[in-house]
Amino acid sequence: MKATLIAIVLAAGFAGAAQAAPVDLDLGISYYNRVLTPEGVTRESRYEEKMLRRPGHVWVERVLPAAHGSHDEHGGNKKVALKSSQHEHKHFNPVVIPRHVMLEKNIVKVEYIDAHDKVVVAIPKAEYENVNFDGSWENSFYLLDPKLVAAMPLSKQVSNVAGARWREVEKNGVFQRVLWDEQKQIPLIIESGDRANTFYRRVDVKLQPTVSRAQPWANLKNYAQREYSDYLD
């Protein structure tokens, strides 16, 4: 509800702005979440992802600890993606399998690519919610819709990053702050929370100094094609 509220606030203020052409990026992304429950318990979570951004393609993979599975560079997850039960039924875990989002003729498509088992799992639109995908190309490619970012008022907070500016919006005690790199069209920091301190979220985006040639979504002709429904009980 709170995230939806922020989106509504931003959309209501959208006045339009020219955007720089997006550039190819390799990113390291850190997520932090803190929630205070009604029982007075504070719960915290942290995780990291790697992201490749190319024209028409977004590749995201979770950084997993060695104790739970290892990764080859860009998608070689080891025996953690499609696990078998005692009855040899495969269970699909979208958290540990790299996600590939595509934009083809203005149509968004999403699939998961398991390099260990050499399987590509296509996700139909009706199942997006089950894999925690909102269907937005803008949210995938830019992490935040640039139009909504442009609608946010500039913040008084001073940026120490050349070419990046802070923007901020608040309504009914719920706030969101974004440090937006205008040339690269990507947020460097996203913060959201409420003044009552019942929740706080932060995303830190680190730009890699060079862009790799990796295209882990290519050369899949020997991969088996599966549907999401193949993994339903």
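A residue is termed buried under 20% relative accessible area, exposed over 50%, and partly exposed in between (1.4 Å probe, protein chains only). The model is predicted, so that local features need pLDDT of at least 70 and side-chain atom pairs count only at pLDDT 80 or more, while totals for chains, interfaces and linings use all residues. Residues are numbered from 1 along each chain as its sequence is written, and side-chain values use heavy atoms, with hydrogens and water left out.

Of the 233 residues of the protein chain, 41% are buried. The chain has 3 helices and 15 strands, taken as DSSP runs numbered from the N terminus (helices, H or I, at least four residues; strands, E, at least two). Among contacts (heavy atoms within 4.5 Å) between residues at least 6 apart in sequence, 51% join residues at least 24 apart.

An open sheet of 11 strands shows mixed pairing in the order 11-12-13-14-1-2-3-8-9-10-15, where two strands pair if DSSP finds at least two bridges between them. Strand 11 and strand 15 (224–227) are the edge strands, each pairing on one side only. Strand 11 (residues 164–171) runs antiparallel to strand 12 (residues 174–181), and 8 bridges join them. Within this pair, Val169 has Gln176 of strand 12 as its bridge partner. The hairpin of these strands has 2 residues between them, and Asn172 takes a positive phi near 55°. Strand 13 (residues 186–194) and strand 14 (residues 199–207) are also antiparallel, with 5 bridges; here Ile189 has Asp204 of strand 14 as its bridge partner.

The structure holds 9 salt bridges, each defined as a side-chain nitrogen of Lys or Arg within 4 Å of a carboxyl oxygen of Asp or Glu. In one of them, Arg54 meets Asp26 at 2.7 Å, N to O. Because Arg54 lies in strand 2 (residues 42–54) and Asp26 in strand 1 (residues 25–36), the pair ties together parts that are 28 residues apart in sequence. Both Arg54 and Asp26 are buried.

A network of salt bridges links Glu168, Arg177, Glu191, Arg202 and Asp204. The side chains of Glu168 and Arg177 meet at 3.7 Å, N to O. Glu168 is partly exposed, with a relative accessible area of 24%, whereas Arg177 is buried, at 15%. Asp204 forms a salt bridge with Arg202, with the closest N and O atoms 2.8 Å apart. Asp204 is partly exposed at 28% relative accessibility, and Arg202 is partly exposed at 25%.
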